Amino acid sequence: MIGLALDEARAALATQDVPVGAVVLDAEGRVIGRGRNRREADGDPTAHAEVLAIREAAAVLGQWRLEGCTLAVTLEPCTMCAGAMVLARLPLLVFGAFDPKAGAAGSVTDVVRDSRLNHRVEVVGGVREAECGDELRAFFRARRVKSPRPAPDPLG
């Protein structure tokens with residue numbers, strides 16, 4: 001499943017977006033939602049891979065509750081995306097690289113497992129971590145070479 005998310009991440013490169021990809025699988029393991037970062041392509045600050053995959057999965061299911069589904073993403077979700085997972089009632093999050101600067105599934109905050117919220121998400125992090133991290137590091141390394149004002153690298 002992280003392999004499918006990596007395919008989405010690599011497709012984000014075509015629009016100069018940060019290569020983060022996500023997929024939502026239903027209880028039978030079928031892909032019902034796909035997303036890749038599209039902030040640059042759409043000029044939309046909320047066009048994160050996870051949000052787009054969640055929206056597509058909800059449309060396929062015809063409901064906002066994604067009970068029984070799994071979200072797989074190449075980078076630990078930010079606060080916005082983690083909040084969307086909680087609100088969608090996703091039971092399981094699988095991610096690749098940890099995000100020590102903005103991760104909201106344990107690195108900086110832990111929105112998905114916050115006991116004060118009405119739903120908690122089980123988390124499996126670090127799946128194919130090196131491969132997911134390498135995609136991001138290569139992207140930011142290339143941007144630093146091209147731009148006098150480099151984009152911040154979420155992985156340090």
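Me: Which residues is P91 in contact with, once its neighbours within four places in sequence are left aside?

Reply: A contact here rests on heavy atoms within 4.5 Å, and in this predicted model P91 is in contact with L66, E67, G68, C69, H119, V121 and E122, leaving aside its neighbours within four places in sequence. P91 itself lies in the loop between α4 and β4 (92-97).

Me: How is the relative accessible area of P91 to be read?

Reply: Buried means under 20% relative accessible area and exposed means over 50%, with partly exposed in between. Because P91 has a relative accessible area of 31%, P91 is partly exposed.

Me: Where is L25, and is L25 buried or exposed?

Reply: L25 has its place in strand β1 (residues 21-25), and with a relative accessible area of 10% L25 is buried. Not counting residues up to four places away in sequence, L25 touches M1, R30, V31, I32, G68, C69 and T70. G68 and C69, which are among these partners of L25, are also among the residues in contact with P91. L25 and G68 stand 43 residues apart along the chain, and their C-alpha atoms are separated by 8.7 Å.

Me: Which residues does UniProt list under "binding site", and how do they sit in space?

Reply: An annotation of this kind may be inferred rather than shown by experiment, and the UniProt entry, which is unreviewed, places the feature "binding site" at H48, C78 and C81. These residues are spread over 34 residues of sequence, yet they cluster in space, the largest C-alpha distance being 9.3 Å. H48 is found in the loop between α2 (39-42) and α3, C78 lies in the loop between β3 (70-75) and α4, and C81 is found in helix α4.

Me: What do H48, C78 and C81 touch, leaving aside neighbours within four places in sequence?

Reply: H48 touches N37, R39, C78, M80 and C81, C78 is in contact with H48, A102 and A104, and C81 is in contact with H48, E50 and V51. As for burial, H48 counts as buried because its relative accessibility is 14%, and C81 is buried as well, with a relative accessible area of 0%.

Me: Which residue does UniProt list for "active site", and where is its place?

Reply: The unreviewed UniProt entry lists E50 for "active site", and the place of E50 is in helix α3. At 4% relative accessibility, E50 counts as buried. Residues up to four places away in sequence not being counted, E50 touches A22, L71, V73, L75, P77, C81 and M85, and one of these partners, C81, is also listed by UniProt under "binding site".

Me: How do helix α3 and helix α4 pack?

Reply: Angles under 35 degrees count as roughly parallel, and helix α3 (residues 49-61) packs with helix α4 (residues 79-87) at an angle of about 25°, with their axes 9 Å apart. That is why α3 is described as roughly parallel to α4. The crossing in which α3 passes α4 is left-handed.

Me: Which residues meet where α3 and α4 come into contact?

Reply: From α3 come E50, V51 and I54, and these meet M80, C81, A84 and M85 in α4. The residues of this contact divide into 6 nonpolar, no polar and 1 charged.

Me: At what angle do α1 and α5 pack, and which residues meet?

Reply: Helix α1 (residues 2-12) packs with helix α5 (residues 129-146) at an angle of about 5°, their axes being 11 Å apart, and so α1 is roughly parallel to α5. I2, L6 and R10 in α1 meet E131, C132 and E135 in α5, and the residues of the contact divide into 3 nonpolar, no polar and 3 charged.

Me: Which residues does the UniProt domain annotation cover?

Reply: In the unreviewed UniProt entry, the annotation "domain: CMP/dCMP-type deaminase" covers residues 1-109. In the model, the span of residues 1-109 is 34% helix and 21% strand, and its end C-alpha atoms lie 25 Å apart.

Terms used: Residues are numbered from 1 along each chain as its sequence is written. This is a predicted model: local features need pLDDT of at least 70, side-chain atom pairs count only at pLDDT 80 or more; totals for chains, interfaces and linings use all residues. Side-chain values use heavy atoms; hydrogens and water are left out. Axes are lines fitted to C-alpha atoms, for helices over the stretch in contact, and angles run from 0 to 180 degrees between N-to-C directions. Helices (H or I, at least four residues) and strands (E, at least two) are DSSP runs, numbered from the N terminus. Angles under 35 degrees count as roughly parallel, over 145 as roughly antiparallel, 65 to 115 as roughly perpendicular and the rest as oblique. A crossing is left-handed if the near helix is turned anticlockwise from the far one by less than a right angle, and right-handed if clockwise. Ala, Val, Leu, Ile, Met, Phe, Trp, Tyr, Cys and Pro count as nonpolar, Asp, Glu, Lys and Arg as charged, and the others, Gly among them, as polar. Buried means under 20% relative accessible area, exposed over 50%, partly exposed in between (1.4 Å probe, protein chains only).
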